[in-house]
Amino acid sequence: MRGIRRKEKEITDTDEMIKILETTQYITIAMCKDNEPYLVTLSHGYDRDRHCIYFHCAREGKKIDILNSNNVVWGQALLDKGYVQGACDHLYATTQFKGTITFIEDKEEKEHALKVMIRALDDNPVKLMAEQITDKSVARIGIGRIDIEYISGKKADKVIISL
């Protein structure tokens, strides 16, 4: 992979990049089929122990068709820290990642993935897990796992250049 040109904006600490994945409410992933790009935004949960991202999805549709033919994706998690008025600049932190997607059928891993996602997104995860994770819901839902192969980060946490 080519390195980041603006070295002063590079995130080199893996824990900082992972924290972005854990903090954001959604990720965007790019995929491609027959040289035609496609982009989707997903709610997700990052599993630190397995260094992967879980997401839920339908069992059919355009995204599934594309990923079944080419499971390599490039993704991004973005913390938008806002436009800086009067400076013509925007503050942010982002984690970029490359990975491969596997659709999970194993009941135990699907339950684990749902728990990871619920813990990441909900203010009362214990209650929601008790209500939502049932044999029926686990059997019905599609779960994708992104196994991360490469990760990088970039941030602008202060105004460096003004026009």
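Modeller: In this predicted model, helix H1 spans residues 14-23, and its buried residues are Met17, Ile18, Ile20 and Leu21. These four residues lie on the same side of H1, because they cover an arc of only 150° around the axis. The partners of this buried side are strands: the buried residues of H1 pack against S1 (10-11), S4 (45-47), S5 (52-57), S6 (72-84), S7 (89-104) and S8 (142-156).

One of the strands packed against H1 is S6, and aspartate 80 belongs to strand S6. Aspartate 80 has a relative accessibility of 53%, so it counts as exposed. Leaving aside neighbours within four places in sequence, aspartate 80 is in contact with His90 and Leu91. Between the C-alpha atoms of aspartate 80 and histidine 90 there are 8.3 Å, although the two residues are 10 residues apart along the chain.

Glutamate 109 counts as buried because its relative accessibility is 16%, and buried means under 20%. The side chain of glutamate 109 makes a polar contact of 2.8 Å with the side chain of tyrosine 54. With neighbours within four places in sequence set aside, the residues in contact with glutamate 109 are Arg50, Tyr54, Ile104 and Arg145.

Terms used:
Residues numbered from 1 in each chain as written. Predicted model: local features only at pLDDT ≥ 70, side-chain atom pairs only at ≥ 80, totals over all residues. Heavy atoms only, no water. Buried < 20%, exposed > 50% of the residue type's maximum accessible area, 1.4 Å probe, protein only. Helix = DSSP H or I, 4+ residues; strand = E, 2+ residues; numbered from the N terminus. Arc of directions from axis to C-beta. Contact = heavy atoms within 4.5 Å. Polar contact = N/O pair within 3.5 Å; in protein donor to acceptor, adjacent residues only side chain to side chain.
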